[in-house]
Amino acid sequence: MSEFHKKAEECSMWTKEAGYLIEKARALGIPLAWDRLEKQSPQCNVCEMGLSCAKCVMGPCRIIPGLDRDKGVCGAGADLTVARNFGRFVAGGSASHSDHGRDLVEVLWEIGEGKTEAYQIKDEEKLRRLAEELGTDSKGDTKTVAKGLAERLGADFSSFGPGLAFLARLPKKRLELWDKLGIRPRGIDREPVEMLHRTHMGVDCDPVSLCLAAARVSLSDGWGGSMCGTEVSDIIFGTPKPNKTTVNLGVLKKDHVNILVHGHSPVVSEMVLLAAKDPSILKAAADLGAKGINVCGLCCTGNELLMRQGIPLAGNHMMTELTMVTGAVDAIIADYQCIMPALVDVAQCFHTKFISTSDKGHFPGAERFHFTPHNAKALAEEAVMIAVRAFGNRDQSKVDIPVEPVSMLSGFSNEAVLGALGGTPGPLLDAIKAGSVRGAVGIVGCNNPKLRQDECHVTLAKELIKKDILVLVTGCATGAMGKAGLLLPEAAELAGAGLAGVCKALGVPPVLHVGSCVDNSRIIHLCAVLANALGVDVDQLPVAASAPEWYSEKAAAIGLYAVATGITTHLGLPPMILGSPAITKLALEGLNQVLGAAFIVERDPVKAAQLLDKHITSKRLALGLSAGNGKEAAA
Ligand code: MSK
């Protein structure tokens, strides 16, 4: 065993292979996120509490009540400052998801208009089903149906549309509650824009009003922009079905051209995948000695391709820099969101080409392409050729792939899950009623260098499945679960007897991969389907959500739309609201009275599992069900 390996085994903040590559990067003098975090530490406590304000040039202000600085120059105190900051944080996340969703709707419209040949409709049945659901022409020719649906969804982005189309999926009681609270989202673009307005100095000065407005912003994401992203991606690129694939750095191949697609949108990456199969490009690769072209994923672009095409996942958020340290990555082709600018610097330390593809995502130092539905095919071929030429410059003696790939199952769209159960939620509800599946938790989101890499995800999932709680996973949690072997049917051995029995009967894992960040919309949609079938509101279901290692604005938006939908949500780290005891109390307790769900903040994943279990037990008992999992005596 090398010195690197020994050190990696000793370290506790990251996985074994990450530790190995971190040491290698340090030896090469390449700084990574953990090094930059160390240099930034200690981080500003006032900012961490949400008490700093840089929204105008009378400031910046720091609100420090104990030091006689209890108001900013404008007069905003701690509660208002925290609420303004949180509102903008959520607006940033919602806008990101929703703008991604818009990109898909625009591609659908281009298909309908006959303006693109690169993109086609892969799931015509879903196109027509959705058109029928939303009341647009579902019987005409494919292009007419596509255009009609795109225009209906496009209207949801405006202020003057008929109202968000997907809200009709919710139980009536939930919509009535939102109307009572004034948080029914009106337009996907309108809500984040209004939040920027409200939080300008001298507009909304009521912290509670701002928090409710933040909830409305998040709902425009979950039931609007994200849901558009998921549903339209399925129509264009195919609705996921269970597929077997692999995960971990070991998916990189020493004798292949390795291309990593990174970011969130399938619009570019699906074209890259096609280009990588082009015979003339494959020949160019072979001429340089490559055995083939290996396209793998990072983060949520990776999740999109993993779900629909079974493309292997090289890593999640905190593995992105490290992939290049293997020396085996010939190109990273990136679209937008969660792409550290540092990746360009790391790429320059190797032969790796970094290619940006979105007009919204500029990365100085990168090769810059501007993909549109009109030039996508040609640009994808050009980008793949850049990777092929980079392979020609690769120094194979420096290639160092420290692990083997791990098998996993992916592709559990709602259609696939319900399809496997005979097309209705009945069998799942029966299993919940019988207590073999006591409930479900969606574990979502990112990694954060402040936490032990992947550990919170994996420990939480293991604890939950032990308690017969089904886990659904999205985003960067997927890489963690996959590497730990939890996305294989064999992981049923780790589950409680009830859940294990169900998984074995169906041949599925106790942790189901349901997609990328925007695909959390699949989870809230499934909850609505279950609630409607039971004739209850979502907050009565024995379900919860968790973001144990979250970092991004988008994760805050996801957490808030889950809570506003009625799903209690655990966070491994608190949002930057602790500077306001009143808002903290509202988030952790008060929301229960208003929305029937609230946040739980707990860093320790074992304790978090206990809290989520307690929550699920209480929901089961309130529905008149047994506590399950041998808890009857305690209940
Ligand atoms: S990529 S938002 S680190 S899940 Fe969706 Fe991963 Fe979180 Fe980005």
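Start with α5 (78-113), a helix, which gives the lining of the second largest pocket its largest share, four residues. Helices are DSSP runs of H or I with at least four residues, numbered from the N terminus. A pocket is an open set of points on a 1 Å grid over the protein atoms alone, where a 1.4 Å probe fits, with protein on both sides within 12 Å along at least five of seven lines; lining residues have an atom within 4 Å of a point.

The model is predicted: local features need pLDDT of at least 70 and side-chain atom pairs 80 or more, while totals for chains, interfaces and linings use all residues. Residues are numbered from 1 along each chain as its sequence is written, and side-chain values use heavy atoms, without hydrogens and water.

Stay with the second largest pocket, which holds about 340 Å³ of space. Select Asp103, Lys360, Phe371, Thr372 and Pro373, the closest to its centre of the 17 lining residues. Next to α5, α11 (266-275) also gives two or more residues to this lining. Now colour domain 2 (78-237) and domain 3 (249-398): both give residues to the lining, so the pocket lies between them. The domain bounds come from an automatic or database assignment.

Move to the largest pocket, with a volume of about 1000 Å³, the space filled by probe spheres set on the points, which are joined across faces, edges and corners. Select Gln43, Asn448, Lys450, Tyr551 and Met576, the closest to its centre among 35 lining residues. Then show α3 (33-40), α4 (45-48) and α5, each of which supplies at least two lining residues.
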